[in-house]
Amino acid sequence: MPASGRRGGLAMAEQSQYEPSVGVLPIQEQAPAARPDERAKLTVTLVGLVLYLFVITSNRVPLGEASIIIAAGGLLVNPTSLKLPPYLKWLLAFAVWVSIAATQSTYPSVVAESVTTLWKLVIIVFIATNALRTRPQVRLFMVSFLACFMLFPVRGALSNFFIYHNDVQGRAIWNFVYSNPNDLGAMAMLQLSMALTIAAAEPKGWIRRAAYLSVLLLVFLILLTQSRGVFIGLILFVAMLIAGQRRRLRLIVRLAVVAVILVALAPSSVWERLGTLRHATTVQTLDEVDGEEGSARQRWEIWRVATKIIREHPVYGVGLGAYKNNHRIYALQSEFNPTARGGRDTHSLYLNVLAETGYIGLALYLGMLTAIFMAAERTRRKCKRVLSVVAARQFLFLEAGLVAFLTAAIFGSLPYLPHLLLHLVLLQVLAVLYRREVEAQSSRQAQVTERFLGTMVPAEIA
């Protein structure tokens with residue numbers, strides 16, 4: 001199939017998405033591979049979703065609820081085609097349980113507000129799942145999300161760091177939800193996997209070049225945040241990429257070149273802070289991790305407080321959003337170091353979900369993550385066998401980004417972040433779309449093979 005004359009725009013390339021399958025027919029006689037529509041079909045729901053992406057990444061316009069209403073209105077046009085995939089059922093069950101557990105909290109007003117916010121996120125996930133129906137629409141979603149993130153948090157954080165010298169003890173930050181360097185680094189990790197996913201399938205053009213440039217800037221930003229948890233996630237991310245590639249030597253050489261560039265550009269304070277990870281092996285050496293800063297020792301004490309709260313509230317938890325109120329009281333007890341005092345959060349996604357929603361809530365939350373990951377991994381393996389390496393590689397990037405984020409989340413409280421939930425939507429939607437293409441491709445190959453074998457039957461037998 002000839003390649004399209006368009007290069008780099010939002011139109012889908014007209015070249016085949018698949019490599020020739022090994023079969024009994026010559027390549028030119030193989031059944032043609034299915035190709036998605038060339039352009040993304042703009043719907044009211046998709047427009048509302050893209051507007052929502054702009055709102056949550058820029059914080060420039062207070063149109064979050066308006067964008068949700070617009071997107072939801074678009075779904076009402078054709079309500080019979082709405083989908084409720086397994087992972088969304090897990091999320092819905094989690095939201096129902098959280099609402100039930102909220103009745104047992106000693107901070108009803110705080111919990112009520114948090115539960116309302118959670119239900120809004122459930123609606124957003126439902127809208128996004130049903131807004132993305134084709135691969136061109138998914139592509140538009142990814143390009144829009146990455147562009148917004150690069151134009152606002154990344155640009156803003158780099159400007160803060162190098163121009164205005166506005167940072168937190170030498171660590172890059174921006175504003176609003178990005179004002180915590182650990183959280184900023186974790187969100188950049190998700191966008192890094194999305195940038196690689198875009199670059200993997202793009203034809204030569206400005207979008208592909210912009211995606212590769214985004215990869216460099218995102219890794220650079222992650223280093224500037226000096227988040228040790230995110231850095232561990234980044235190492236795991238790279239390890240998964242190397243393990244999942246056939247031509248590993250070429251990838252390692254490319255990574256080495258990128259590493260040399262980043263080492264030369266990053267301030268020495270980045271490597272000094274990351275180098276302290278070697279002391280984070282035992283409780284006795286935690287004081288050597290940060291020196292006077294003492295954040296590692298403080299996090300350990302906060303985890304001890306969280307553990308006691310969990311022991312005393314194992315079923316319902318303390319209520320969604322009520323952890324800080326409870327921590328402020330528990331941390332005053334003499335068994336805890338004074339560094340843990342105040343309205344702290346858990347500094348861990350898993351401890352946060354467990355402390356606020358109990359063991360049942362954590363099981364439902366992890367069930368959602370597991371459902372997504374298993375669906376994506378099954379489809380990735382099928383793509384590798386039936387479709388192209390590129391298709392499988394896209395899943396590898398997104399899965400590695402999710403694993404890296406969840407690793408960094410051991411040290412950060414980010415369970416209900418829209419960026420994470422939309423990343424899960426992306427994995428689910430791509431799994432559904434590629435699974436259909438795998439089934440269609442397998443069916444075509446079977447039909448062509450059957451016809452070919454039929455021509456080989458001797459006429460006298462027929």
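The chain exposes about 21500 Å², and carbon and sulfur atoms supply 63% of that area. Keep in mind that this is a predicted model.

**Exercise 1. Get an overview of the chain: how many helices and strands does the chain have, and what percentage of its residues is buried?**

Step 1: Start with the helices and strands. The chain has 16 helices and 0 strands.

Step 2: Now go for burial. Of the 462 residues, 51% are buried.

Step 3: Finish with the contacts. Take those between residues at least 6 apart in sequence: 75% of them join residues at least 24 apart.

**Exercise 2. Decide for arginine 139 and glutamate 202: buried or exposed?**

Step 1: Find the link. Arginine 139 and glutamate 202 form a salt bridge, with their closest N and O atoms 2.5 Å apart.

Step 2: Locate both ends. Arginine 139 belongs to helix 5 (residues 135-164), while glutamate 202 is in the loop between helix 6 (181-201) and helix 7 (206-225), so the bridge ties together parts 63 residues apart in sequence.

Step 3: Apply the cut-off, which is under 20% for buried. Arginine 139 is at 8% relative accessibility and counts as buried. Glutamate 202, at 5%, is buried too.

**Exercise 3. Describe the salt bridge between glutamate 335 and lysine 308.**

Step 1: Get the distance. Here the closest N and O atoms are 2.6 Å apart.

Step 2: Glutamate 335 is in the loop between helix 13 (323-330) and helix 14 (349-386), and lysine 308 is in helix 12 (residues 295-312), 27 residues away.

Step 3: Glutamate 335 is partly exposed at 40% relative accessibility, whereas lysine 308 is buried at 13%.

Step 4: Step back to the total. The structure holds 7 salt bridges, and Glu377, Arg380 and Arg381 are linked in a network of them.

**Exercise 4. Find out which element gives the largest share of the lining of the second largest pocket.**

Step 1: Note the volume, about 940 Å³.

Step 2: Look towards the centre. Of the 33 lining residues, Thr117, Leu121, Tyr416, Leu417 and Pro418 are the closest to it.

Step 3: Pick the element. Helix 4 gives the largest share of this lining, 6 residues.

Step 4: Sort by class. The pocket lining has 15 nonpolar, 12 polar and 6 charged residues.

**Exercise 5. Name the elements that give two or more residues to the lining of the second largest cavity.**

Step 1: Begin with the volume. The second largest cavity has about 40 Å³.

Step 2: List some lining residues, including Gly48, Tyr52, Ser67 and Ile124.

Step 3: Helix 1, helix 2 and helix 4 each give two or more residues.

Step 4: Check the classes. This cavity lining divides into 7 nonpolar, 2 polar and no charged residues.

Notes
Residues are numbered from 1 along each chain as its sequence is written. This is a predicted model: local features need pLDDT of at least 70, side-chain atom pairs count only at pLDDT 80 or more; totals for chains, interfaces and linings use all residues. Side-chain values use heavy atoms; hydrogens and water are left out. A salt bridge is a side-chain nitrogen of Lys or Arg within 4 Å of a carboxyl oxygen of Asp or Glu. Helices (H or I, at least four residues) and strands (E, at least two) are DSSP runs, numbered from the N terminus. Buried means under 20% relative accessible area, exposed over 50%, partly exposed in between (1.4 Å probe, protein chains only). Contact means heavy atoms within 4.5 Å. Accessible areas come from the Shrake-Rupley method with a 1.4 Å probe; for residues, only the protein chains shown count as cover. On a 1 Å grid over the protein atoms alone, a cavity is a set of points where a 1.4 Å probe fits but cannot get out, and a pocket is an open set with protein on both sides within 12 Å along at least five of seven lines; lining residues have an atom within 4 Å of a point. Grid points are joined across faces, edges and corners, and a volume is the space filled by probe spheres set on the points. Ala, Val, Leu, Ile, Met, Phe, Trp, Tyr, Cys and Pro count as nonpolar, Asp, Glu, Lys and Arg as charged, and the others, Gly among them, as polar.
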